[in-house]
Amino acid sequence: MPAVLLVRWALVTASLTAAAVPVCAANPPAGGRPGDERPAWYVGYVGPLGHAGRGDAEGSYASMRLPATPTVGLLSNADATEGVSPFTAKGAAYVPRSNVLRLSSGRWKYLPDGRTASVVVPAGDPAALRQIERSRAWLAAGTVPGGTPQRRAAAERALLSMRALLRPNGAVAAGWTPGWMYSWPRDAAFASAAFAHTGHDEEAYRILRYSATTQRKDGTWDARTKLDGSGPPDGRRWQLDANGWVPWATWQWYQAAPRATRRARLTVLYPMIRKAADRAAASLGPDGLPPASPDYWELSTATANIGTAAPLLAGLAACADLARELERPDDAARWVRAGERLRSAVAARFAPLGYQRTVDGRHGHDSAVAFMAPPFNTAPAGLSRALDTTYEALLLPRGGLTPGNDPAAPWGAVAWTPSTSFFALAWAGTGKTAKAGQVLDWVLSKRNSLGELPEKVDRAGRPSSVAPLAWTGAITVLALLALDGRPLPPPPLRR
């Protein structure tokens, strides 16, 4: 998750064992431009009490390169993307339903076809107008959810931003700021599902093909990859939850894909599905739970966590159902058995704790409780109360949620839009549409001056950190679909 870069600053300042030395970032990362960076800090960090392993500590990473200011918007053509700085955005606005920026001067700034650097042109420039019309035609070719003007405008902007963050090879940049300009399997899975269910099949399938090409030989995925697909940018630990998220996204794509071609294209993806499911099934211990591993916080836990167990449960159900579609009964039966073991273990170990972060009950509430709800899993008995309890525990005074209240991993008094949006999606999927709408409207009210969804909302209630964030955009689109009466179904775990 891109947010981990900022989270670790909070962890470092809270730890007396941290040390930092300045380093100079000589070269911009892939997709960045010279001059975008300033001196960064390389942090040697000893993990907080209760977290295991140095593989997820900054001391084992390559040096971080942090930008002077995060992006607040995007310019894009079919092949390239450029970030919009806060300075450029002052007094500016997108030409509606496009990635062409109307500057405070009235002139337009956009990224011409075949170029990697933007230009400023008079308003009404013919080439810019053609790009605007293509963006509008792309939106019109699919579905833009949203029952109010604000919600529809947010969905349009989220879809265009996800499209701008999607690379021609299928990689999805989490954001367009150094440190976020990598593809996380988790974020990409949500983007694929959002594209699929809004009628953008080509984009959804392109993401899944990229996931297939970057899957490791053992069936797992790296925590993130470079945008060219050449491998991970550092030594952080791989995360088992991708073995749930990618199959879940494949299942969601299959539900929405054109029936004339979907079976043949699923056959192309099936080797990826088989390797992912077999690895997930093999990871379950005698107690039916996956091993302790990094969750979406990208920090390891000493015991199994819900942020891994819930996605794996969704993924095993998805894989079994896809196997049935391709008439692979042995595969389907094997993965159903594994899914039933995991479901029973989650019910026995996590449910009594209200689906807290870990089975030892020592790491507090976690927004990942929402992963037990549709569109990921069929909501088990008692989940409604767990959602309410967790939301109340994580709610901040100005609104919005902190991802968790683990005392060993402080997040600070800032709201994180993905974690907050999880609850809008979960409540919309379980029929609590009024509650879902209230939460989602709060998130939408925190869009920045360009209408982009930020990663964070600061203590004063202002958008902060990177914008747009692909993950928040995708969750928002999925929640809006549900609120429009088109909720995504969860994969069924059935024999």
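Helix H4 crosses helix H14 in a left-handed manner (the near helix is turned anticlockwise from the far one by less than a right angle). The model is predicted, with local features requiring pLDDT of at least 70 and side-chain atom pairs pLDDT 80 or more, while totals for chains, interfaces and linings use all residues. Residues are numbered from 1 along each chain as its sequence is written, and side-chain values rest on heavy atoms, without hydrogens or water.

H4 spans residues 149-165 and H14 residues 470-483; helices are DSSP runs (H or I) of at least four residues and strands (E) of at least two, numbered from the N terminus. Their axes, lines fitted to C-alpha atoms over the stretch in contact, lie 9 Å apart at an angle of about 140°, on a scale from 0 to 180 degrees between N-to-C directions. The two helices are therefore oblique to each other (angles under 35 degrees count as roughly parallel, over 145 as roughly antiparallel, 65 to 115 as roughly perpendicular and the rest as oblique). Contact (heavy atoms within 4.5 Å) involves, among others, Ala155 and Met162 of H4 and Gly473 and Val477 of H14.

Turning to the strands, E9, E10 and E11 form an open antiparallel sheet in that order; pairing requires at least two DSSP bridges. E9 (415-416) and E11 (463-464) each have a single partner strand, so one side of each is left without a neighbour in the sheet. E9 is joined to E10 (residues 456-457) by 2 bridges, and Trp416 has Lys456 as its bridge partner.
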